[in-house]
Amino acid sequence: MQIAVIGTGNIGATLGRALAAAGHDVRMGSRHPGDVQVEGAVPATVADAIEAAEVVLLALPGPAVADLLAEHGGALDGKLVLDATNRMGAPVMNAAAEITAAAPAARYVRAFNSYGWENFAQPTFDGVAADLFFSAPEADRGAVEQLISGIGLRPAYLGADQQDVVDRITAVWFALTRTTGSRHVAFRVLSG
């Protein structure tokens, strides 16, 4: 897939590297592309990265989403947009409403927000892949599962329009990191 990762911090860089290693064409969108060095990915301006992409992964700090949408929201129309942002302390952690308002034809996915970058860099625990919970339109489920599997996690689909449920899982993850003292904490669903 042609993927634009917008955001070059720990989350964006780790996911960009992992997605490139999985064989995707990854462009790292940045206001300062000359400063970006992510193995396997091509640095680009935000506009150029979005224009070339089928999939746009937002890995920005939550407060930066409004500025991104003001400048580039229209360019997201028709694209699969993965929201990995977290607006910590806000009444709603995800940016679903803002993204769909700025780009009504975008296909919104809530994924990659419920773990820290450490889990994307090392997605297994004693050889067992952790589950990554996500919400996406049913028609895009397979594509998102391919992206999640490609970085070494096991996709756990919660259905369409379940971003608030994914956010509650994020809250549990944050609580566990505080009580365990480790950010390399993840979930696995068992059934029998």
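Colleague: Where is Ser135 found?

Modeller: Secondary structure comes first: helices (H or I, at least four residues) and strands (E, at least two) are DSSP runs, numbered from the N terminus. Ser135 sits in the loop between strand 9 (131-134) and helix 6 (141-150). This is a predicted model: local features need pLDDT of at least 70, side-chain atom pairs count only at pLDDT 80 or more, and totals for chains, interfaces and linings use all residues. Residues are numbered from 1 along each chain as its sequence is written, and side-chain values use heavy atoms, with hydrogens and water left out.

Colleague: Is Ser135 buried or exposed?

Modeller: Buried means under 20% relative accessible area, exposed over 50%, partly exposed in between (1.4 Å probe, protein chains only). Ser135 has 2% relative accessibility, so it counts as buried.

Colleague: What else is Ser135 in contact with?

Modeller: Contact means heavy atoms within 4.5 Å. Leaving aside neighbours within four places in sequence, the partners of Ser135 include Tyr108, Val109, Arg110, Gly159 and Val166.

Colleague: Asp161 came up. What is its phi?

Modeller: Asp161 has a positive phi of about 55°, although it is not a glycine. Asp161 lies in the loop between strand 10 (154-157) and helix 7 (163-180). With a relative accessible area of 66%, Asp161 is exposed.

Colleague: And Asp126: what is its phi, and where is it found?

Modeller: Phi of Asp126 is near 50°, again a positive value in a residue other than glycine. Asp126 is in the loop between strand 7 (124-125) and strand 8 (128-129). Its relative accessibility is 83%, so Asp126 counts as exposed.

Colleague: Now zoom out. How many helices and strands does the protein chain have?

Modeller: The protein chain has seven helices and ten strands. Its radius of gyration is 15 Å, close to the 16 Å that the globule rule gives for 192 residues, so the chain is as compact as a globular protein of that length. That radius is taken over C-alpha atoms; the rule is 2.2 Å times the number of residues to the power 0.38. Buried residues make up 48% of the 192.
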